[in-house]
Amino acid sequence: MLTVLFPHLACLQIDHVGRSGRSVRIRARTRTSQAACPQCGVVSQRVHSSYERRVGDTAVSGQETVLHLRVSRFWCGNDECGKKTFAEQVPGLTIRYGRYSAPLRTLLQTIGLALGGRAGARLTHHLAAAVNRMTLIRLIRSLPDPQPRPGPEVLGVDDFALRRGHTYGTVLIDITTSQPIDMLPERSSDALAAWLNARPGVQVICRDRAGCYADGATRGAPQAIQVADRWHMWRNLGDAVERTITKHRAHLRDLTSTRRPADIPLPASAGEPLPATADRTEPRVGRLAERTRHRHASVHELIDQGHDLRTIARRLALARNTVRRFARASSPEELLVNDGTGKRPRAVEKFADHLRDRWEQGCTNAEQLYQEIKAMGYRGRPTTVRRYLRPWRAQTTVSLRPPPPPTVRQATGWFLRNPDDLDTDEQQHLRALTAACPALAAVRDHVRAFADMMMNLRGGHLERWMNRVQADDLPELHSFVTGLRRDFDAAKAGLTLPHSSGKVEGHVNRIKMLKRQMYGRANPDLLRKRVLLAD
């Protein structure tokens, strides 16, 4: 029975088993008469002395188990060895200076890899093997570094933030098995090229559209096929579509609502009339608007002088992405719009139709209306709903303002989503918008053609698609096509081969979860072991 239930204790002589408080105490001794020196390997039979070790073991029936183990200390028979005496170790049970048995140590390391310090420590209390969070972190760090693995046939590459906005690393994934194979401490072409040079078996490299990974893959594995991720290409196309719609956003204000606002009878009460609706066509004013116009003028003035974006960012003390955004905007007003007014819409306005219908039905209780829209997903406060309804109570009849025009982001969704997923109103708005603006009609056709290439893996049509886009007067899409031409082979492979970076993105999200789980202790060495050694 001992061999079946406790195989790691089968080589010991058990003297006593008893309970002490909430613990099970096992007193045992070794049966060996000789042992090998851990330094020189010479076997010795000369016993120096014996002593008792206290070793924690895995729980028995939900009770903590402590092993009181008496072991022997031997003389080393090698005169040239630096050790004079050494203590014997029980294979599969003890290690030098170890306070936990090998099975318990493996269990705690597994918990630490899966949950980290704090959460893992809370779990060990329920497993009758309580340790603190620092012990779990030390056990993770004591694990040997992952052994270098050969390069897979299909490799996925992406970056992750060690310190967001400052320091980034690189994670490498085997796309075939979905397992992480290595983590690099930096995001650079040199690091990726050196890693690939040491592993010449990579045939396909899935990556995003970052230039450093394209260069590193070209230098480190020139024989490999580089595959640009389809999701990133679709997102880049979506950004170009959004900039185009922003340029033609005036047509959004002309879209008629499917519901005609009416004069709604309200309970008679004395009060002030409803304030007039602000003119949505007025240019935005204020300190932010003036600063935006000034920066836009400065950026374009430096561009006209022939400076690149990096130099402009350094001169104006702005981020390069900010300078790029100003450079792409033909006028500062494109940067000052959100929903057509330049102001963020209130969350309660999404539920205006429901509130209007309920008010027409005679429900004027603000608390009841708040509970109804809260069940529909409203996250605001009840006071916001009361303030929104207050003008309706101010007079007997109120002419409700028409619903706000669609936002640029909403209109972008009409172009990018599957036409079969659009509801009737959205389809009507899209038809009206493309009928009023030929440029947006051309954008719709180009987007649907690209989506057909992407969904059906028809990368052979990419060159013809880019030529058709270049033939139209769509500067924003021309910028997208220019980026595709710089990375044409990878983009064509991404639209032809079934490989993608989806599995890599999943591991990047897992790394983010591990960083949040470890709070301030996500140092690179600890994070690397948790990513590569966890099951």
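In this predicted model, helices α14 and α15 are roughly perpendicular to each other, since their axes, which come within 10 Å, cross at roughly 95°. On the side of α14 the contact is made by Ala-411, Trp-414 and Phe-415, and on the side of α15 by Glu-426, His-429, Leu-430, Leu-433 and Thr-434. Sorted by class, these residues comprise five nonpolar, two polar and one charged.

Helix α15, which spans residues 424–436, also packs against helix α16, residues 438–456, and here the axes come within 5 Å and cross at roughly 120°. That angle falls among those counted as oblique, and α15 and α16 are therefore described as oblique to each other. Leu-430, Leu-433, Thr-434 and Ala-436 of α15 meet Pro-438, Leu-440, Ala-441, Arg-444 and Arg-448 of α16, a set that divides into six nonpolar, one polar and two charged residues.

Five strands form an open sheet with mixed pairing, in the order β10-β9-β8-β11-β12. Because β10 (179–184) and β12 (225–228) stand at the edges with a single partner strand each, one side of each is left without a neighbour in the sheet. On average, and with direction ignored, neighbouring strands of this sheet are turned by 30° against each other. Strand β11, residues 204–207, pairs with β12 in the parallel sense over four bridges, and Arg-207 stands opposite Ala-228 in β12. Two helices lie across strands of this sheet: α5 (residues 189–197) lies across β8, β9, β10 and β11 and runs at about 125° to β10, while α20 (residues 502–518) lies across β8, β9 and β10 and runs at about 25° to β8.

The aromatic rings remain to be considered, and the count comes to seven aromatic pairs. One of them is the stacked pair of Phe-74 and Phe-86, with 6.0 Å from centre to centre and 25° between the planes. Since Phe-74 lies in strand β6 and Phe-86 in strand β7, the pair ties together parts that are twelve residues apart in sequence, and both residues are buried. The rings of Trp-465 and Phe-480, by contrast, have their planes at 85° and their centres 6.1 Å apart, so this pair is edge-to-face. It links helix α17, which holds Trp-465, with helix α18, which holds Phe-480, 15 residues apart. Trp-465 counts as buried at 0% relative accessibility, and Phe-480 is buried with a relative accessible area of 5%. Together with Trp-234 and Phe-450, Trp-465 and Phe-480 form one aromatic cluster.

Methods
Residues numbered from 1 in each chain as written. Predicted model: local features only at pLDDT ≥ 70, side-chain atom pairs only at ≥ 80, totals over all residues. Heavy atoms only, no water. Axes fitted to C-alpha atoms, helices over the stretch in contact; angles between N-to-C directions. Parallel < 35°, antiparallel > 145°, perpendicular 65-115°, else oblique. Contact = heavy atoms within 4.5 Å. Nonpolar A, V, L, I, M, F, W, Y, C, P; charged D, E, K, R; others polar. Pairing = 2+ DSSP bridges. Phe/Tyr/Trp six-rings, centres within 6.5 Å; stacked < 30°, edge-to-face > 60°. Buried < 20%, exposed > 50% of the residue type's maximum accessible area, 1.4 Å probe, protein only.
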